[in-house]
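Hi,

Here is the structure I said I'd pass on. Have a look first, and my notes follow below.

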Amino acid sequence: MKKIWSMVRRISGKPTPMSTSHLKVNGMNIEHPAEIANSIASTVSHNSSSDHYSDRFRRFKAHQEQRTLDFSSDNCEPYNLPFSLSELRAVLSRARDSAAGPDNVHYQMLKHLPECALQTFLGIFNNIWMSGKFPHSWSEATIIPIPKPGKDPTDPGNYRPIALTSCVCKTFELIINDRLVWFLEKNNLLTEFQSGFRKQRNTNDHLIRFEAFIREGFVRREHVVSVFFDLEKAYDTTWKYGILRDLHKCGLRGRLPECIAHFLANRLFRV
């Protein structure tokens, strides 16, 4: 596959990315592959740590996390019921063919399972869902570091970490996400200005609105001012407890938020 993609890039006129033979850390050259991987892993780990938080937010974070979130429920809510075969088929039908995770199970394998295997697959999912015992292997990711274009490849901070996780786990995630989105939409808990990751909406909606503002400005001979925010390391530094607190405030109880809590805990990765 590497040869094929290299050929496609050459035909498209795109340069083939140079392989990194060494990194520079604290003025020292690191050349051994294992040391290069460990250096990039340390950088990724640092980016995801609390070191980027302000002192004020750290104090707020420590104070908030002393409060235990009670998600206890009898699990009779619609979003806590066992998964159905139609839900499993729906998420598999729209799953994109992404690279396999550490277990080497590809989406194409899951999409071509026979009926009896799908039933077994569904039974495994419901066993995990009902028991709350999240498989440890699903918390592992294989990170492929991709050099950022135009950046110094010898700097371990100039790599975009692409995390490959289990496609089986991602199928499980998609079912939970469908139920979560259904609950949020049903109870009007999302702001009307959010267009991304929503049905019958698109981020292009905001571009169209923005274009309309500009055209109106031209017609009225007015200035149009816009401010764009780019949050650095937004996903890397997401506050996990804050996510769970928001779910609790939304009124979610039982298996769904508890499963998300298990998913966010004790994550591991290798480069």
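The buried residues in helix 6 are L118, F121, L122, F125, N126, I128 and W129 (buried is under 20% relative accessible area, exposed over 50%, partly exposed in between, with a 1.4 Å probe and protein chains only). Looking down the axis of helix 6, these buried residues fall within an arc of 160 degrees, so they line one face of the helix; the arc is taken from the directions from the helix axis to the C-beta atoms. C116 and N127, on the other side, are exposed.

Before I go on: this is a predicted model, where local features need pLDDT of at least 70, side-chain atom pairs count only at pLDDT 80 or more, and totals for chains, interfaces and linings use all residues. Residues are numbered from 1 along each chain as its sequence is written, and side-chain values use heavy atoms, leaving out hydrogens and water.

What do the buried residues of helix 6 pack against? Helix 4 (85-94), helix 5 (107-111), helix 7 (167-186) and helix 10 (255-264), with contact meaning heavy atoms within 4.5 Å. Helices (H or I, at least four residues) and strands (E, at least two) are DSSP runs, numbered from the N terminus.

Strand 3 (residues 140-147) runs parallel to strand 5 over 3 bridges, and E140 has L268 of strand 5 as its bridge partner.

Cheers

Conventions:
Pairing = 2+ DSSP bridges.
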